Amino acid sequence: MSEATVALAPWIAVQRTSLLAQRGHAWLLQGPSGLGQYTLGMELVRAWLCDAPTAQGACGNCGSCHAIDVRTHADLCVLMPEVQMMALGWPLSEKAQADIDDKKRKPSREIRVEAMRDAVEFAQRTSARGRGKAVLVYPAEQMNHITANALLKTLEEPPGDVRFVLASEAAHQLLPTIRSRCLGHTMVWPAEADMLQWLAGQGVEPAAAAAHLRAAGGRPDDTLALARSGRSPQAWAALPQGIARGDVAALGDWAPAQAIDALQKLCHDLLAASMGAAPRYFAPGDLPKPPPLGALTRWSRALAKEARTADHPFNAGLMLEALVAQARNILHSRH
Ligand SMILES: [Zn+2]
């Protein structure tokens with residue numbers, strides 16, 4: 001299981017202790033992606049349901065903690081898009097799993113209304129282990145209006161023993177009525193030295209850690225994912241010049257969505273550079289000369305549009321070639 005192989009970051013532990021010391025039946029964890037919303041949400045839920053919790057969280061050894069580790073806790077309801085449930089090892093409902101197995105539909109990318117109905121029913125039931133119940137919603141911005149309204153009713157009149165964590169990477173997209181029903185917590189952006197120390201503890205070489213941290217825009221979870229993806233920091237540093245040459249190999253074996261993310265970072269840094277600001281994802285010396293602002297703006301809009309359809313390319317190889325050709329044209333554009 002993914003969490004088991006990653007030591008809890010000290011800044012998450014500090015936030016956990018602080019939130020556990022406060023009362024509240026619904027937390028909204030907010031902030032940009034990659035700061036550990038899901039991890040902190042799980043830590044809260046584990047502590048709430050644990051048989052022997054301390055001020056520092058769950059004990060890790062009791063029946064409740066084990067039930068969460070093996071994804072079978074009767075008093076925990078996890079609401080996520082199905083693609084994320086599957087990626088994080090959470091079981092889907094029997095019906096949902098059967099539909100996907102029979103190819104009746106694809107796993108959902110948003111939180112399904114059916115799953116929310118199950119969650120509302122769950123909230124009404126009696127706690128199985130007698131320590132109350134918990135609902136974790138992540139990413140909460142993946143609720144549509146119907147789903148969010150169904151949750152809202154339960155948040156407004158919570159059946160006594162249920163508590164909620166809504167973890168979000170785009171809290172501004174949530175209904176204001178949902179936000180106002182929760183205690184808000186803004187995720188802490190850890191100090192760079194703390195992140196580098198933590199990454200070293202996860203076996204990431206110090207030189208590589210600094211480079212990956214830059215590529216991930218200073219976000220610790222994304223940095224670790226990048227370090228474990230097998231991409232070398234040298235390949236990242238060489239990416240801008242490779243793209244400028246029109247070399248598709250600069251994108252390695254990335255899926256279209258990852259390639260678009262990398263190109264958006266390059267576009268961001270060139271926009272910054274052309275306005276005299278410091279780049280965020282690449283070292284200044286690795287960037288080509290920025291093209292005119294108008295070209296960059298066109299590119300930025302095109303990439304945003306492509307990001308919305310990147311999950312269903314008709315042909316991934318062709319899409320990468322088209323992306324690189326587009327980028328090369330922009331980078332050599334004179335207007
Ligand atoms: Zn426990």
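Predicted model: local features only at pLDDT ≥ 70, side-chain atom pairs only at ≥ 80, totals over all residues.

Q: At what angle do the axes of α1 and α2 cross?

A: At roughly 45°, and the axes of α1 (residues 10-20) and α2 (residues 37-49) come within 10 Å. Axes are lines fitted to C-alpha atoms, for helices over the stretch in contact, and angles run from 0 to 180 degrees between N-to-C directions. Helices (H or I, at least four residues) and strands (E, at least two) are DSSP runs, numbered from the N terminus.

Q: What is the orientation of α1 and α2 to each other, then?

A: Oblique. Angles under 35 degrees count as roughly parallel, over 145 as roughly antiparallel, 65 to 115 as roughly perpendicular, and the rest as oblique. The α1 and α2 crossing is right-handed, meaning that the near helix is turned clockwise from the far one by less than a right angle.

Q: Which residues in α1 and α2 meet?

A: From α1, I12, Q15, R16, L19 and L20; from α2, T39, L40, E43, L44, A47 and W48. Contact here means heavy atoms within 4.5 Å. The residues of this contact divide into 7 nonpolar, 2 polar and 2 charged. For the classes, Ala, Val, Leu, Ile, Met, Phe, Trp, Tyr, Cys and Pro count as nonpolar, Asp, Glu, Lys and Arg as charged, and the others, Gly among them, as polar.

Q: Switching to α10. Which of its residues are buried?

A: In α10 (residues 206-215) the buried residues are A208, A209, H212, L213 and A215. They cover an arc of only 155° around the axis, which puts them on the same side of α10. The arc is that of the directions from the helix axis to the C-beta atoms. P206 and A207, on the other side of α10, are exposed. Buried means under 20% relative accessible area, exposed over 50%, and partly exposed in between (1.4 Å probe, protein chains only).

Q: What covers the buried residues of α10?

A: The cover includes α9 (192-201), α11 (220-228), α12 (233-244) and α13 (256-274).

Q: How do α10 and α11 pack?

A: Their axes are 8 Å apart, at an angle of about 120°. That makes α10 oblique to α11. A209, H212, L213 and A215 in α10 meet T223, L226 and A227 in α11. By class, that contact has 5 nonpolar, 2 polar and no charged residues.

Q: Are R71 and K103 buried or exposed?

A: R71 counts as buried at 9% relative accessibility, whereas K103 counts as exposed at 72%. R71 sits in the loop between α3 (63-69) and β2 (76-79), and K103 in the loop between α5 (94-101) and α6 (113-124).

Q: Where is there a cis peptide bond?

A: Between Y138 and P139, with omega about -15°. P139 lies in the loop between β3 (133-137) and α7.

Terms used. Residues numbered from 1 in each chain as written. Heavy atoms only, no water.
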